[in-house]
Amino acid sequence: MKNYRRYQSDPFTDLLFNALLGFTFLFLVAIMFMNPEAKSGIIDPKAEYILTITWEDNSPDDIDVWVEDPDGRVVWFRNTEAGLLHLDRDDRGLINDTIVVNGEALQNPLNQEVITIRGVVRGEYVVNLHYYATETEKPVDVQVRLVKVNPTLEIVYYNTITLEQVGVEKTAFRFRINIDGKVSDISFLPKQLVSV
C-alpha cells in the first residue's frame, strides 16, 4: 500500500489568504467606482455675468446683440468668443427654433440671445442691439437684462429698448466692472459696433 501524505494547512494561513482575496475584490470594486463613465452632453460653464436679450415669442424677426469688452474685442454672431466674452445662443427668429424630440419636430417659441462673461475683467463694456432682419416690418421691443451670478444671483440692469426698423443699431447700455467685480457707471452714450 502506498503511503499518501496529506498536506496539512495551517488555519492561520488559510485565513490570511481569504482576507487577501477579500481585500483584492474590494479594491477592484472601489477602482471601478472611482472613475465613473463621462456623461456626454453636459456643459458646466463658469460665468460671472449673464447678459440676456429677449423679444416677443414666436417672432420671425432677427435681433442681434453685439458686446465690446474693455480691450476692444467684440462678440457677435460671426465672432462668438472674444477673451472672456462668449455668445452662448444666437437666435435668428423662427429660423433656428425647431428642435426634434422623439422624432417629432417642435417649435421653440422663445427668442433669446445669451452672452456670458466668464471672468472679472475690469473696464467698460458696451452692449448694442441690431435689428438684423425682419419679416413683420414692425418695431420690436427688446428686453435687456444683465445678471451677476457669483457669489449670489443679482439683477444688475434691466430695460426695454425699441428698435424701430431693420438696420437700426442702438447702444442698449454701457457699464463698468470694477476690480472687486461690482458693476457701476451704467450709461447710454451711443457707440457704433456693427460692421456688416
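Predicted model: local features only at pLDDT ≥ 70, side-chain atom pairs only at ≥ 80, totals over all residues.
User: What makes up the secondary structure of the protein, and in which order do the elements run?
Analyst: The protein has 1 helix and 13 strands.

User: Why is Met 34 called exposed?
Analyst: The relative accessibility of Met 34 is 64%, and the label exposed requires over 50%; Met 34 therefore counts as exposed. Met 34 lies in helix H1, which covers residues 11–34. Together with Phe 27, Leu 28 and Ile 31, Met 34 forms a nonpolar surface patch with about 450 Å² of accessible area.

User: Which residues touch the most other members of the largest nonpolar core?
Analyst: They are Leu 51, Val 65, Leu 129 and Phe 173, in a core of 36 residues. Strand S9 (residues 123–133) gives the most to this core, namely 5 residues. Leu 51 touches, among others, Val 65, Val 127, Leu 146 and Phe 173.

User: What makes strands S4 and S11 the edge strands of the open sheet?
Analyst: The sheet has 6 strands in the order S4-S5-S8-S1-S10-S11, with antiparallel pairing. Strand S4 (81–82) and strand S11 (154–163) each pair on one side only.

User: How do you know that S1 and S10 pair?
Analyst: Pairing requires at least two bridges, and 6 bridges join strand S1 (residues 49–55) to strand S10 (residues 140–148), so the two strands pair. They run antiparallel. The bridge partner of Tyr 49 in S10 is Lys 148.

User: What joins S12 to S9 and to S13?
Analyst: Strand S12 (residues 169–177) is joined to S9 by 8 bridges in the antiparallel sense, and Val 127 stands opposite Phe 173 in S12. S12 also pairs with strand S13 (residues 183–187) over 3 bridges, again antiparallel. There, Ile 177 stands opposite Val 183. S12 and S13 form a hairpin with 5 residues between them, and Gly 181 in the turn has a positive phi of about 90°.

User: Why is the contact between Lys 191 and Glu 68 called a salt bridge?
Analyst: The N to O distance between these side chains is 2.6 Å; the limit is 4 Å, so the pair qualifies as a salt bridge. The pair links distant parts of the chain, with Lys 191 in the segment after S13 and Glu 68 in strand S2 (residues 62–68), 123 residues apart.

User: Are Lys 191 and Glu 68 buried or partly exposed, and why?
Analyst: Buried means under 20% relative accessible area. Glu 68, at 12%, is therefore buried, whereas Lys 191, at 32%, lies between the 20% and 50% limits and so is partly exposed.

User: How many salt bridges does the structure hold?
Analyst: The structure holds 6 salt bridges. One of them joins Lys 170 to Glu 164, with the closest N and O atoms 2.9 Å apart. Asp 69, Asp 71 and Arg 73 are linked in a salt-bridge network.

Conventions: Residues numbered from 1 in each chain as written. Heavy atoms only, no water. Helix = DSSP H or I, 4+ residues; strand = E, 2+ residues; numbered from the N terminus. Patch = residues over 30% accessible without salt bridge, like charges linked within 9 Å, V, L, I, M, F, W, Y side chains within 5 Å. Areas by Shrake-Rupley, 256 points an atom, 1.4 Å probe, with all protein chains shown as cover. Buried < 20%, exposed > 50% of the residue type's maximum accessible area, 1.4 Å probe, protein only. Core = buried A, V, L, I, M, F, W, Y, C linked by side-chain atoms within 4.5 Å. Contact = heavy atoms within 4.5 Å. Lists of a residue's contacts leave out its neighbours within four places in sequence.
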